[in-house]
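Hi everyone, thanks for making time this morning. Please have a look at the model on the screen, and I'll walk you through it.

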Amino acid sequence: MSYFGKFYLVGLDAREAADWLFTADVRRPPGSTVYTCMLNQRGGTESDLTVSRLAPGPQASLLAPAFEGDGYYLAVGGAVAQHNWSHITTVLQDQKFRCQLIDSSEDLGMISIQGPASRAILQEVLDADLSDEAFPFSTHKVVTAAGHLVRAMRLTFVGELGWELHVPKVSCVPVYRAVMAAGAKHGLINAGYRAIDSLSIEKGYRHWHSDLRPDDSPLEAGLAFTCRLKSPVPFLGREALEQQRAAGLRRRLVCFTVEEPLWMCLHPVVSGLAFSTASSSKVPMFGLEAIWRNGQVVGHVRRADFGFTIDKTIAYGYIRNPSGGPVSLDFVKSGDYMLERMGVTYAARAHLKSPFDPDNKRVKGIY
């Protein structure tokens, strides 16, 4: 996953800059990692990312610059590094913060090992205790992997027990080979972004480019937990969120599952002919499908994919109240929904939580 943006925010005013930039409380001890959003003045989401607090050090390394004051390592999702860089540098300049933003995106690779065997695999590669007590979720450490220094983070974007390894460029290939060698007896395989798309939508994790955009607030997107609205510390976009919360949300991101087994799959055979088999609930959807509630269109799908664990098509989209009133949780729960694909409507069920592992047991390593 080396396409991620990787920035260091360091300097005398880095803590004040982080307070202003990020919606979540990143005033955590070194070694902590926080999932957070960045907003514009309208309360729209400019980014969601992870922010890892660094311990100050006098000597620079491939895994951290030397700095005075405070330091943070920012990991930003795929293909949006330049957007994040532009947003952060603009805010730093406008607020005249005395700190630096350093782009290390080309200097570091990232390997994500996810799944029930991830701890057993990485315990053979890393010189660190990976138990829950020694390496809790949302923490990071600089450790050695097959003789190479890496920053290991216990995080997931697919809803599983797992770690990310942020690796200096020159070490990526030997570290990758060591991981694959250790994982061979555990059934470790390479997975691409289509797998990540399916797993992340099944878990309900947001994609910035589709579920979150600069005109979507974290309150509307179900990410209120990332916003420290109970704290007196101000952040960019806070006033807009407070006004939105007081007035009531006029739209809300909702998860839908398609409840009908209506897709016929074609399978090639050796002769070049094909046969078809019915497959449950595999209605192919990709985004922009209309959302109907009680016979009225109330929005459109932003993102859709197939969830192989629950064996259903999953779609996320923002819905509005046709009367113009707030979209409360009761409003969401009380409707009868259909999703329209190519002129055909399919019965859908609305969910207030992810239909897959809503108690986050897998993230904790409980299978």
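Let's begin with Ser-210: at 5% relative accessibility, this residue counts as buried, a word that here means under 20% relative accessible area with a 1.4 Å probe and protein chains only. Ser-210 sits in the loop between α5 (193-203) and α6 (238-247); helices (H or I, at least four residues) and strands (E, at least two) are DSSP runs, numbered from the N terminus. Leaving out residues up to four places away in sequence, Ser-210 touches Arg-302 and Arg-303, where contact means heavy atoms within 4.5 Å.

A word on the source: this is a predicted model, so local features need pLDDT of at least 70 and side-chain atom pairs count only at pLDDT 80 or more, while totals for chains, interfaces and linings use all residues. Residues are numbered from 1 along each chain as its sequence is written, and side-chain values use heavy atoms, without hydrogens and water.

Now the sheet. Five strands make an open, antiparallel sheet, in the order β2-β3-β4-β1-β5; pairing requires at least two DSSP bridges between two strands. β2 (33-39) and β5 (100-103) are at the edges with a single partner strand each, so one side of each has no neighbour in the sheet. Inside it, β3 (residues 45-54) pairs with β4 (residues 70-76) over six bridges, and Val-51 stands opposite Leu-74 in β4.

How confident is the predictor? pLDDT, its confidence in each residue from 0 to 100, averages 93 over the protein chain. Residues 262-280, though, stay under 50. Where pLDDT is low, the predicted coordinates should not be read in detail.

Note on methods: Buried < 20%, exposed > 50% of the residue type's maximum accessible area, 1.4 Å probe, protein only. pLDDT = per-residue confidence, 0-100.
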